[in-house]
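Please keep the sequence and the 3D view open while reading.

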Amino acid sequence: MSKMTLKDVEQVQTALSQAGLDYDVELENGKISLVGPSDIVSSEISSRLIAFLFAWVNPRRWGRIFDSAGGFILPDSNLTAPDVSFVRAARLRQSPRYFGEIVPDLVVEIKSQSDRVKPLVDKILNLIKLGAVVGILIDPDTATVTVYRGENQPIIFTTGDTLTIPELFPGWELPIAELWPPVFDQEEEN
């Protein structure tokens, strides 16, 4: 079988969209993979992280935050869409109406119920090798957040810890507990 290209990805994505199917398409080493909707816990964690980052980044105009639908063409010709990503303003003055042809500065993968950890870690480490400054793996099953920075050992955070990313967001702090979806009491219902 011949290697697939970005043109093939676009054709598959168009066909899926026309069929009313909600899948994102990634390209890795000439192979297309379909990424279906994630479980709602992972989705909520993604939304919460994006909200916390956006509230800090946007007023300072430091860059752009993307969700899992934002695709990036990498220097190795692969196409990827991290669950959450950030690109500094100096590197992306204006978003193109196409895939970003850039490696994000921050890449975040959130383990869905059906995901295995190793492929997510491999994806993060590859993005760091290609130029990402920080990679994060959020695992709701173990309630951990693992931060990867270059050749350094990963740092694992748990619910009582506070996440900081000073190389990209000076002064920003996020208690890990804020990432996890809350449980609402009956009294909170309307």
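Val107 has Gly135 of β8 as its bridge partner, and in this predicted model the pairing of strand β7 (residues 106-110) with β8 runs in the parallel sense over five bridges. On β8, Gly135 also stands opposite Tyr148 of β9, where β8 and strand β9 (residues 144-148) pair in the antiparallel sense, again over five bridges.

- Six of the six residues of β8 (residues 134-139) are buried, so the strand is largely enclosed by the rest of the structure.
- The burial applies to both faces of β8, with Val134, Ile136 and Ile138 buried on one side and Gly135, Leu137 and Asp139 buried on the other.
- Together with helix α3 (residues 117-129), the strands β7 and β8 make a β-α-β unit, and this unit is right-handed.
- The hairpin of β8 and β9 has four residues between the strands, and within this hairpin Ala143 takes a positive phi near 55°.
- Ala143, which lies in the loop between β8 and β9, is a residue other than glycine with a positive phi, and it counts as partly exposed because its relative accessibility is 26%, between the limits of 20% and 50%.

- Helix α3 has 13 residues and reaches 18 Å from its first C-alpha to its last, which is close to the 18 Å expected at 1.5 Å a residue.
- The buried residues of α3 include Leu120, Val121, Lys123, Ile124, Leu127 and Ile128; seen down the axis of α3, its buried residues fall within an arc of 160°, so they line one face of the helix.
- Lys118 and Lys129, by contrast, are exposed on the other side of α3, whereas Lys123 belongs to the buried set.
- Helix α1 (residues 6-18) also has 13 residues, and its reach of 18 Å from first C-alpha to last is close to the 18 Å expected at 1.5 Å a residue.
- After α1 comes Gly20, which has a positive phi near 75°.

**Aromatic rings and a charge over them**

- A search of the whole structure finds five aromatic pairs, and one of them is formed by Trp56 and Trp62, an edge-to-face pair with 6.5 Å centre to centre and 65° between the planes.
- Both partners are partly exposed, Trp56 with a relative accessible area of 22% and Trp62 with a relative accessible area of 29%.
- Tyr98 and Phe99 form another aromatic pair, described as tilted, with 4.9 Å centre to centre and 55° between the planes.
- Phe86, Phe169 and Trp172 are linked into a cluster by ring pairs.
- Arg60 lies over the face of Trp56, at 3.4 Å from the ring centre, and the charged end of Arg60 also sits over the ring of Trp62, 5.7 Å from its centre.

**Loop residues**

- Arg61 is found in the loop between α2 (40-60) and β3 (63-66), and although Arg61 is not a glycine, it has a positive phi of about 55°.
- With a relative accessibility of 70%, Arg61 counts as exposed.
- Ser77 lies in the loop between β4 (72-73) and β5 (79-80), and at 48% relative accessibility Ser77 counts as partly exposed, because the class of exposed residues begins over 50%.
- The C-alpha atoms of Ser77 and Gln94 are separated by 21 Å, with the two residues 17 residues apart along the chain.

Key:
Residues are numbered from 1 along each chain as its sequence is written. This is a predicted model: local features need pLDDT of at least 70, side-chain atom pairs count only at pLDDT 80 or more; totals for chains, interfaces and linings use all residues. Side-chain values use heavy atoms; hydrogens and water are left out. Rings of Phe, Tyr and Trp (its six-membered ring) pair if their centres lie within 6.5 Å; planes under 30 degrees apart count as stacked, over 60 as edge-to-face and the rest as tilted. Buried means under 20% relative accessible area, exposed over 50%, partly exposed in between (1.4 Å probe, protein chains only). A charge sits over a ring if NZ of Lys or CZ of Arg is within 6 Å of the ring centre and within 35 degrees of the ring normal. Helices (H or I, at least four residues) and strands (E, at least two) are DSSP runs, numbered from the N terminus. Two strands pair if DSSP finds at least two bridges between them. A crossover is right-handed if, with the strands pointing away from the viewer, the path from the first strand over the helix to the second runs clockwise. The expected span of a helix is 1.5 Å times one less than its number of residues. The arc is that of the directions from the helix axis to the C-beta atoms.
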